Amino acid sequence: LLLTEARLVTVFDPNLELANLFDTLVGGRRKRVSKQDSSTKEELIQLFSDALTKRGIAEKVQRDIRIKSKVLDRTLVFPFAFQNGHMNVIEPVTFDANKEHNINRACQLAIEGNDLWQQEQVKLNVFASFKLSEQDNTISIRNLLDKYDVTLRTIDELDDLINEVAHTSTQ
């Protein structure tokens, strides 16, 4: 076993550094929600919130944002939002085993996303879980949402979403 000479390192947040070091050397203990679980909305909110806290960027995200939809004539509530040149809202969504229900929900999200962008210059990001049986559905739902400039991120893409907030948020 060959060790390098010790060197000084400045640490601003010892708990965060220790957690990152542990994850690097041992592997995280973070509970991963599987696509099979088709988590509830509350579980997705908790998973995203925990990831923000673990990364040390929770302060970059606003909570419980309310936006009036003129097309739908109702107020939409989003648990998370961040700024990166324009407002981005994040809507946690679970897609179940009912393909027709999933397509209808994706259509509703596409309309909401289009309305948010046209009326308020707000970008809708969907953070979603899918049942394992709906893997084929993921592609069609992603394609549908892409046509309306709504970004879909699955549980497996959580790190990408967290990185986007960390690297592009202006707050």
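The dialogue below treats the sheet, its helices, its aromatic rings and one lysine.

Guide: This is a predicted model, in which local features need pLDDT of at least 70, side-chain atom pairs count only at pLDDT 80 or more, and totals for chains, interfaces and linings use all residues. Residues are numbered from 1 along each chain as its sequence is written, and side-chain values use heavy atoms, with hydrogens and water left out.

Visitor: In what order do the five strands of the open sheet lie?

Guide: Strands of a sheet pair through backbone hydrogen bonds, either parallel or antiparallel. Helices (H or I, at least four residues) and strands (E, at least two) are DSSP runs, numbered from the N terminus; two strands pair if DSSP finds at least two bridges between them. Here the order is S1-S2-S3-S4-S5, and the pairing is mixed. Strand S1 (62–69) and strand S5 (151–154) are at the edges with a single partner strand each, so one side of each has no neighbour in the sheet. On average, neighbouring strands are turned by 40° against each other, direction ignored.

Visitor: Which strands run parallel, and which pair in the antiparallel sense?

Guide: S4 (residues 122–130) and S5 run parallel, joined by four bridges. In that pairing Phe-127 has Arg-153 of S5 as its bridge partner, and Val-126 stands opposite Leu-152. S1 and S2, by contrast, pair in the antiparallel sense over seven bridges, with Arg-63 opposite Phe-80 of S2. Four residues lie between the strands in the hairpin of S1 and S2, where Asp-73 takes a positive phi near 55°.

Visitor: Which residues of S5 lie on each face, and are they buried or exposed?

Guide: In a regular strand the side chains alternate between the two faces of the sheet. Buried means under 20% relative accessible area, exposed over 50%, and partly exposed in between (1.4 Å probe, protein chains only). Thr-151 and Arg-153 on one side of S5, and Leu-152 and Thr-154 on the other, are all buried.

Visitor: How many aromatic pairs does the structure hold?

Guide: Rings of Phe, Tyr and Trp (its six-membered ring) pair if their centres lie within 6.5 Å; planes under 30 degrees apart count as stacked, over 60 as edge-to-face and the rest as tilted. There are three such pairs. The ring centres of Phe-48 and Phe-127 are 6.0 Å apart with planes at 50°, so this pair is tilted. Phe-48 belongs to helix H2 and Phe-127 to strand S4, so the pair ties together parts 79 residues apart in sequence.

Visitor: How far does helix H3 reach from its first C-alpha to its last?

Guide: The expected span of a helix is 1.5 Å times one less than its number of residues. H3 (residues 99–120) has 22 residues and reaches 31 Å, close to the 32 Å expected. After H3 comes Gln-121, with a positive phi near 60°.

Visitor: Which residues does Lys-41 touch, leaving aside those up to four places away in sequence?

Guide: Contact means heavy atoms within 4.5 Å. Lys-41, in helix H2, touches Glu-91, Pro-92 and Thr-94. The C-alpha atoms of Lys-41 and Thr-94 are separated by 6.3 Å, although these residues are 53 apart along the chain. Lys-41 is partly exposed, with a relative accessible area of 33%.

How values were computed
Axes are lines fitted to C-alpha atoms, for helices over the stretch in contact, and angles run from 0 to 180 degrees between N-to-C directions.
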